Amino acid sequence: MEASMPKRKEPGKSLRIKVISMGNAEVGKSCIIKRYCEKRFVSKYLATIGIDYGVTKVQVRDREIKVNIFDMAGHPFFYEGTAQLCCLIVVWRITPVTSEPQVRNEFYKDTQGVILVYDVGQKESFDALDAWLVEMKQDLGPHGNMENIVFVVCANKIDCAKHRCVDESEGRLWAESKGFLYFETSAQTGEGISEMFQTFYLNILDVCEHGGKRPATNSNASFTKEQADTIRRIRNSKDSWDMLGIKPGASRSLFSPACLS
């Protein structure tokens, strides 16, 4: 009698996913994708015109994932219906020509993952993250569900430490308060890029394997709810100098009786 052979584990079926990048112009969205896919950095800035599209294959656990990446232009010019013919030539095969062309609007639907990028040296790019989420929610419409989309926040250009104005705690707090992943990245040096994409794809795969439902947030988050609320309250409050309307180190002569009362 022949000994029974152990069954070989069948590889999982291949999976196709759609990933988009979001964030202001010049924060490094395209450079992050290029660093990951091509293992190189392009120092010369070339603005994305409309939508840049690429495909890559990755292996996650026992699954082959075909990733369709839509790298979206960050300038509002490509959203508000004012784009000119030069933009339409680039996205002609994807977006039909209309009298009021809208480029980004068409690409939010059917998305499994979002790479949300800001430049740690540009506070306005960090402050704009909420507006990007509003834009996406608006275009998904009343029946769109953002709760089951995996978001990863990239605090990019950390190699430019001298110009940094958004610290890690502020960026991480914003991301974790929304249940998003958070990574510090540098497209120039490659720091954090591979780790970010690996975790990103793992989370997308988990969502797909849970019937499209995002798994519970990792309990190892850096901030508890109480800590997050305290940090947010401190950031939004004025210190004693601000309340007095004077600069730190001011001489006693600047203090009026009204200030001291």
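**Chat about the model**

Modeller: To start with burial, 39% of the 261 residues of the protein chain count as buried (under 20% relative accessible area with a 1.4 Å probe, protein chains only; exposed is over 50%, and partly exposed is in between). This is a predicted model, where local features need pLDDT of at least 70, side-chain atom pairs count only at pLDDT 80 or more, and totals for chains, interfaces and linings use all residues. Residues are numbered from 1 along each chain as its sequence is written, and side-chain values use heavy atoms, with hydrogens and water left out.

Colleague: What's the mean pLDDT of the chain?
Modeller: The mean pLDDT is 76, and 61% of the residues reach 70 or more. pLDDT is the predictor's confidence in each residue, from 0 to 100.

Colleague: Where does pLDDT stay under 50?
Modeller: Over residues 81–101. Where pLDDT is low, the predicted coordinates should not be read in detail.

Colleague: OK, how many helices and strands does the chain have?
Modeller: Nine helices and six strands. Those are DSSP runs, numbered from the N terminus: H or I with at least four residues for helices, E with at least two for strands.

Colleague: Which strand does β1 pair with in the parallel sense?
Modeller: β1 (residues 15–22) pairs with β3 over seven bridges; pairing takes at least two DSSP bridges between two strands. Val19 has Ile69 in β3 as its bridge partner.

Colleague: And why is β3 largely enclosed by the rest of the structure?
Modeller: Because eight of the ten residues of β3 (residues 63–72) are buried.

Colleague: Is Cys154 buried or exposed?
Modeller: Cys154 is buried, at 0% relative accessibility. Cys208 counts as partly exposed, at 32%.

Colleague: Now Asp130, where does that sit?
Modeller: Asp130 is in helix α4 (residues 129–140), and at 35% relative accessibility Asp130 counts as partly exposed.

Colleague: Which residues is Asp130 in contact with, leaving aside neighbours within four places in sequence?
Modeller: Trp174 and Lys178, with contact meaning heavy atoms within 4.5 Å. Asp130 and Trp174 are 44 residues apart along the chain, and their C-alpha atoms are separated by 9.7 Å.

Colleague: What about the helix that holds Trp174, which of its residues are buried?
Modeller: That's α5 (residues 168–177), and its buried residues are Glu170, Gly171, Arg172, Leu173, Trp174 and Ala175. Just after α5, Gly179 has a positive phi of about 80 degrees.
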